[in-house]
Amino acid sequence: MNTTDIQLIRNHMQGETCTAASLEKWHDWKWQMRHAVRDISMVEKIFDRTFAPEIRARIEKTLGKFPMSITPYYLSLVDPDDLDNDPVFKQAFPDERELLIAPHDMADPLAEDRDSPVPGLTHRYPDRVLLHVSNTCAMYCRHCTRKRKVGDRDSIPDRDQISQGIEYIRQNTNIRDVLLSGGDPFMLSDEYIDWILSEVTAIEHVEVVRIGTRTPVVLPYRITDELVAVLEKYENLWINTHFNHPREITGSARKALRKLWKAGIPLGNQSVLLADINDCPRIMKRLVQMLVKNRVRPYYIYQCDLSEGLEHFRTSIGKGIEIMESLRGHTSGFAVPTYVVDAPGGGGKIPVAPNYLISWSTNKAILRNFEGVITTYQEPDTYKHNFCNLDCDNCNLQLKLDNSDETQAVGIERLLSDYDEMITLTPSYLEEEQAQ
Ligand SMILES: *Cc1c(COP(=O)(O)O)cnc(C)c1O
Ligand code: SF4
């Protein structure tokens, strides 16, 4: 990066006007990628600051394990006068605490490798799979749950591996929802994305395809007209993005989002709850409100995972519940995401929320609302349980679906059902003990 480029970043940081030629460069996502900031000296030059040798050495060491890559665009959102406390800078710039492995940290907290029938594909839920199609990102989030793999040259999924994943989806007719993830799928070329989408959507039993991308946040110029023309062809496509802080919703980000929704693509957002970045009810409320203003539906707030080196980003679950308490009722219902803990060890996402059902009797439920009003819901005296033995042809309700009587209940659903005799769920280690 030469001094003109550094000046360009500074101009954007300070909101100064640029020449048309330099703006054209800036809006070119490939220019942004080529000029991504990957070493400390560049950060020092841009912010006109020198790190003390021992701090520098520790940051270098962190970089040796987890690479850095910050697009000039994303870096320009940083407030240079408050660098150490900046929510954008903290998500992008390495911290030596990433090298600390806390006692409960895990290399693969979500057991994605265990639930992986073919390389690069995680099949954890009955009807949907996660397919890793890319291993790079425009900006490497310091809080990434998959940082062990992302950016690692040895785990780049090639066309062969992706084909294997697609073949697995083709063979498993119960898969109706495919999540393309990574890394960031939008780091691939338009043609490559087109190929993957056409292969996946051609599978008859696939009803929905989703792409998870952070490019609208860290590289909004990636959302080009050409890319949108590709995406627009697929009518069952949803996109989830990853905004964590209101500061990230800039004019450029909003333009990128507008292109996507104008193409008819439903947009969702998944945030991660991060200590000292967005662990504040007011920040989160502002974030979800700005998202819906831009037609993005807040989908999940994730509790930060137990991945190695993320301890300094983790909050208590109580903080998440406090945030949910401050959202429900206090703002538009569709601006309220679901707060989830991705179960360590690979149990999937578990929703966590404040308690609204305070007590219950045979004919009354006692509920409380967001203001603390405690109310009584009188249960109906006439309601009769609708017994289900899965014989839909003999039922009063009309479920005219093929194979509707082939349902298999799972977990608590199974305990509640009439057609299954099971009355307890027993941990497998107890079953083993009993068998002895
Ligand atoms: C999050 C996730 C999904 C999708 O879960 P939804 O709750 O449907 O969004 C699917 N597979 C894996 C492995 C996941 O982690
Ligand atoms: S964009 Fe997603 S996959 Fe990439 S580094 Fe950030 S969190 Fe990880």
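## Cavities, pocket and ligands

The largest cavity has a volume of about 50 Å³. A cavity here is a set of points, on a 1 Å grid over the protein atoms alone, where a 1.4 Å probe fits but cannot get out, and lining residues have an atom within 4 Å of a point. Grid points are joined across faces, edges and corners, and a volume is the space filled by probe spheres set on the points. This is a predicted model, in which local features need pLDDT of at least 70 and side-chain atom pairs count only at pLDDT 80 or more, while totals for chains, interfaces and linings use all residues. Residues are numbered from 1 along each chain as its sequence is written, chains are lettered from A and ligands numbered from 1 in the order in which they are written, and side-chain values use heavy atoms, with hydrogens and water left out.

Around the largest cavity stand Ala107, Asp108, Pro109, Leu110, Glu112, Thr145, Arg146 and Arg148. Sorted by class, this lining has 3 nonpolar, 1 polar and 4 charged residues. For these classes, Ala, Val, Leu, Ile, Met, Phe, Trp, Tyr, Cys and Pro count as nonpolar, Asp, Glu, Lys and Arg as charged, and the others, Gly among them, as polar.

The structure holds 2 cavities of 30 Å³ or more. In the second largest cavity there is about 30 Å³ of space, and its lining includes Asn269, Ser271, Met284, Leu287, Val288 and Pro337. Strand E6, helix H13 (281-293) and strand E7 each give two or more residues to this lining; helices (H or I, at least four residues) and strands (E, at least two) are DSSP runs, numbered from the N terminus. E7 provides the largest share, 4 residues. The lining of the second largest cavity has 8 nonpolar and 2 polar residues, and no charged ones.

Next comes the open space. A pocket is an open set of grid points with protein on both sides within 12 Å along at least five of seven lines. The largest pocket has a volume of about 1,200 Å³. Of the 48 residues that line the largest pocket, Thr145, Arg146, Ser181, Gln270 and Tyr302 lie nearest its centre. Thr145 and Arg146 also belong to the lining of the largest cavity. Strands that supply at least two residues each to the pocket lining include E3 (177-181), E4 (208-212), E5 (237-241), E6 (267-272) and E9 (348-351). By class, the pocket lining has 22 nonpolar, 14 polar and 12 charged residues.

The shell of ligand 1 consists of Thr122, Arg124, Tyr125, Arg128, Leu130, Leu179, Arg210, Tyr299, Tyr300 and Lys349; a residue is near a molecule if one of its heavy atoms lies within 4 Å of it. Strands E1 (121-125), E2 (128-132) and E7 (296-302) each supply at least two residues of this shell, and E1 gives the most, with 3. The shell divides into 5 nonpolar, 1 polar and 4 charged residues. Polar side-chain atoms lie 2.7 Å from an oxygen atom of ligand 1 in Arg128 and 2.5 Å from an oxygen atom of ligand 1 in Tyr300. For Lys349, an N or O atom of the side chain is 3.2 Å from an oxygen atom of ligand 1. A polar contact is a pair of N or O atoms within 3.5 Å. On its own, ligand 1 has 380 Å² of accessible area, of which the protein covers 89%, by the Shrake-Rupley method with a 1.4 Å probe.

Ligand 2 is surrounded by Cys137, Met139, Tyr140, Cys141, Cys144, Gly183, Arg214 and His242. Gly183 is in the loop between E3 and helix H9 (190-201), and a cis peptide bond with omega of about 15 degrees joins Gly182 to Gly183.

Terms used: Polar contact = N/O pair within 3.5 Å; in protein donor to acceptor, adjacent residues only side chain to side chain.
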